[in-house]
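Trainee: I'm new to this one and would like to go through it with you. Can we put it on the screen and start with a single residue?

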Amino acid sequence: MHYTLELLQDEARQLIDRGVVSRQQPIYVLCQYIPAREWVCVEYELEKGEYLLRDRIGDLIGRETWEND
């Protein structure tokens with residue numbers, strides 16, 4: 001599997017929605033949920049997007065918008 005920045009953001013959102021991680025945790029926490037052989041590609045994509053492993057997951061996924069019912 002090739003991880004793109006968008007795929008990483010979606011994966012992070014799913015983990016937050018399931019309550020596995022929080023928006024305040026550093027991005028490197030995601031490495032627990034991504035196969036080790038893929039982590040080099042993940043780091044490369046994060047670097048291209050100018051993200052650091054110590055940045056918060058919330059920074060990676062950006063602001064969430066909520067629609068009123």
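Trainee: Leaving aside neighbours within four places in sequence, which residues is Gln9 in contact with?
Mentor: Contact here means heavy atoms within 4.5 Å. This is a predicted model, where local features need pLDDT of at least 70, side-chain atom pairs count only at pLDDT 80 or more, and totals for chains, interfaces and linings use all residues. Residues are numbered from 1 along each chain as its sequence is written, and side-chain values use heavy atoms, with hydrogens and water left out. With neighbours within four places in sequence set aside, Gln9 is in contact with Tyr51, Leu60 and Ile61.

Trainee: Is Gln9 buried or exposed?
Mentor: Gln9 sits in helix H1; helices (H or I, at least four residues) and strands (E, at least two) are DSSP runs, numbered from the N terminus. Buried means under 20% relative accessible area, exposed over 50%, and partly exposed in between (1.4 Å probe, protein chains only). Gln9 has a relative accessible area of 15%, so Gln9 is buried.

Trainee: Which residues of H1 are buried, and how wide an arc do they fall within?
Mentor: In H1 the buried residues are Leu5, Leu8, Gln9, Ala12, Leu15 and Ile16. They line one face of the helix, because, seen down the axis of H1, they fall within an arc of 125°. The arc is that of the directions from the helix axis to the C-beta atoms.

Trainee: What is on the face of H1 turned away from its buried side?
Mentor: First the buried side: what covers the buried residues of H1 includes H2 and helix H3 (57-61). The face turned away from that side carries the exposed residues Glu6 and Asp17.

Trainee: How far apart are the end C-alpha atoms of H1, and what span should its residues give?
Mentor: The expected span of a helix is 1.5 Å times one less than its number of residues. H1 (residues 5-17) has 13 residues, so it should span 18 Å. That agrees with the distance between its end C-alpha atoms, 18 Å.

Trainee: Moving on to H2, which residues are buried there?
Mentor: H2 covers residues 39-48, and what covers its buried residues includes H1 and H3. Seen down the axis of H2, the buried residues fall within an arc of 120°, so they line one face of the helix. They are Trp39, Val42, Glu45 and Leu46.

Trainee: What does the face of H2 turned away from its buried side carry?
Mentor: An α-helix has 3.6 residues a turn, so residues three or four places apart point the same way. On the face of H2 turned away from its buried side are the exposed residues Val40, Glu47 and Lys48.

Trainee: What is the relative accessible area of Leu46?
Mentor: Leu46 lies in H2. Leu46 is buried, with a relative accessible area of 2%.

Trainee: After H2, which residue has a positive phi?
Mentor: H2 is followed by a residue whose phi is positive, near 60°, and that is Glu50. In the loop between H2 and H3, with a relative accessible area of 71%, we find the exposed Glu50.

Trainee: Where is Arg54, and how far is its C-alpha atom from that of Gln25?
Mentor: Arg54 is in the loop between H2 and H3 and is exposed, with a relative accessible area of 64%. Arg54 and Gln25 are 29 residues apart along the chain, and their C-alpha atoms are separated by 8.6 Å.

Trainee: Finally, what pattern does the protein follow along the sequence?
Mentor: The secondary structure comes to 3 helices and 0 strands. Of the 69 residues, 33% are buried. Read along the sequence, the pattern is α-α-α.
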